[in-house]
Amino acid sequence: MKLSELKPGQTAIIKDFSDGDLSLRFLEMGCVPGEEILLERIAPLGDPIAIRVSGYSLCLRVSEAESILISTTEHK
Amino acid sequence: MAADKTLKVALAGNPNSGKSTLFNILTGLNQKIGNFPGVTVDKKSGFTKIKNIAVEFIDFPGSYSLNALSEDEKVLPDVLHDRNNPVHPDVVLYVADSTNIRRSLFLCTQIMDTGIPVILVLNMIDLLEKSDEAIDVAKLADELGIKVFAITARDAKGIEELKLALIESLELPKKKILSEEIAETDKAKKQRSETIQRYKVIGEILKKTVTKKESGLGSSVTKKIDDILTHRIYGFLIFFGVLFLVFQSIFSWSAYPMELIEQLFSAGEEFLLNHLPAGMLTELLVNGILAGISGVVVFIPQIALLFAFIGILEDTGYMARVSFITDRMLRKFGLNGRSVIPLISGVACAVPAIMATRTIPNWKERIITIMVTPLMSCSARLPVYTLLISLVVPSEKVFGFLNLQGLILMALYMIGFIAAILTALLMKFIIKARERSFFIMELPVYRAPRWSSVGLGIIEKVKVFVFEAGKVIVAISIVLWVLSSHAPGDRFEKIEKRFHTEEFLQTHSSDEIEKLIANEKLEQSYAGIMGHFMEPAIRPLGFDWKIGIALVTSFAAREVFVGTMATIYSVGDENNTMSIREKMQAEINPEKGEKRYSTAVAFSLMIFYAFAMQCMSTIAIVYSETKSWKWPALQFAYMSFLAYFSALLVYQLMK
């Protein structure tokens, strides 16, 4: 599953990345595989989105979110 | 360490870590803005003395990693890896946001691994104390093997101890965090596995040093504010409200100080004219240099006000939300969520607006914003518009309540905006991107603005404008003064002789003669010659050589058009728009025997002024912001082209 498919309020675990260039950016910002993320909100026009990771909010475009592969977590 | 050597301290850290606030506290007003060697990235350095040891602080652009891609972020790794670089630091003061300790430690440990001594500053420790986390500072120092200080830059707590630690910095313990070399030949793959490895090590360190009372995702206050500020309806309403406030205040509040500055300068000019011996030098000083300086100083109120607002919006964290809600729309036009403020401020004045593009991290999106912002109708166009509208548009009501003159004025503003957006779209396809457009950006938590950093930010921007753009503005002013007050040969002497005959003195008052001489001199000057020379080129636009002169002189600033018209039509008081209008209305085109300022000419002229780059201050600021003459030259060319052909089209369709 891709991060772009997550709904607001849902949490997930980062698994992998499908875009080499972008992945380094995400990794450096603390989005490392195994990290739990929460989809905080989607911008009023449907793009970009904001996620909660490693204790802070990170905003990214939907096209960028498509490159983050996740697995959803059950709780919450 | 020897007392005569300056200790170089680099300030590094993530954006929003409070790095600049700490820099301001450590150095006060004793700051210098320059460039990092070899690149066009601004370098701020500050000087101070700690116990008789001279210390230079160098503020590096905020970044998240040493593998950075953008020009700004590359400075730090380049300087750290180059021991011969003149700004290579003796010690790095790493500023970390305590509430974001995990991500902060990433860059911190990267820097530690370069072998340069590092002191870690845990900033905003007060915010952490209020939250559900706690950091064991002593334990963290032990784990990292470096000195760690917990401070609150906002109220300068713990600064003295930090300063003392700095001058003992050379005995700092060094320790490698990521000691194992990763066997991987592909650079990108190596960086990736290093990053994952590094976060693993940081995670282990944090496990021993940070205690969480409760695991919660998200700060509740920020979440609640965000629910409103990024709401699909309120979010945009509040944003437009903020824009309206910013725009209104730049437009109206700055009017008083600007008027005061103008009055002060004209009083000063008059004083000098009356007290210095008449002659070329005095005229150069008053009409060339002083006029140029006044043209620089008069912008300071607008710049200060705009940057007060931007400073507050940026510091509170609201600016990031503006980008968040507008990015989708603006991206289509090659712009960025951060282009909104420059574009809207451009309605007041392009100069501060272009300075405001610094907050756009992507190079291409920033250049496009700089290139199109001057198309927004600025306040200097207003006097030109109002004069021409009142000349040809009747003050009638449309649909019983809308003023026709007002409607035309609004249409001119709309045309400027549409031209800006469409030009941006075009440039999106022309300009090559230097780096991929990312929008991976932190949304910082909301906090109260730090007034000292807002204030220092204003001072910094004003300094940049006065010293960078100011030089160019004064130089062009002098050139324009020479053009309009000098003539080849003895043309001016002949004019003086012609008007100072007995016959003239009897039939005209000395005041009238002065005006006639001024008029005649302008016609005969180099500017007048240029006007005549230009006439064949601008005739298809409906302009004559008199308008040609005004086009030359108003290159200094658009509103000079009105003053030049006053001189050309020998109206002494240039503040009296009524009389200029009457003279212009009475002007007859000798070839056609009809009014010179027909509706077609006036509209052609208005469209010309809407698009033309008739502003040397903008050219100067684009130069100082892009650090290259290429962009202002391109901008001048495309805007002149657009202005010429649009005016041509308008005149040919309407005549």
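These notes concern chain B of a predicted model and the side of chain B that touches chain A.

1. Overall make-up of chain B. The chain carries 29 helices and 14 strands, and its C-alpha atoms, taken along the principal axes, fill a box of roughly 100 × 60 × 45 Å. Of its 655 residues, 41% count as buried.

2. Extent of the interface. On the side of chain B, 32 residues are in contact with 31 residues of chain A. The elements of chain B that give two or more residues to this side are the helices α3 (101-112), α7 (187-209), α9 (234-253) and α13 (318-331), together with the strand β12 (441-443). Of these, α7(B) supplies the largest share, which amounts to six residues.

3. The side of chain B that touches chain A is made up of 15 nonpolar residues, eight polar residues and nine charged residues.

4. Strand pairing between the chains. Beyond giving residues to the side that touches chain A, β12(B) pairs with strand β4 (residues 56-60) of chain A, in the antiparallel sense and over three bridges. Within this region, Glu442(B), a residue of β12(B), stands opposite Leu58(A), and a reader who wishes to locate the pairing in the model may begin from these two residues, Glu442(B) and Leu58(A).

Conventions. Residues numbered from 1 in each chain as written. Chains lettered and ligands numbered in written order. Predicted model: local features only at pLDDT ≥ 70, side-chain atom pairs only at ≥ 80, totals over all residues. Helix = DSSP H or I, 4+ residues; strand = E, 2+ residues; numbered from the N terminus. Buried ≥ 20, exposed ≤ 12 C-beta atoms within 10 Å, placed from the backbone. Contact = placed C-beta atoms within 7 Å. Nonpolar A, V, L, I, M, F, W, Y, C, P; charged D, E, K, R; others polar. Pairing = 2+ DSSP bridges.
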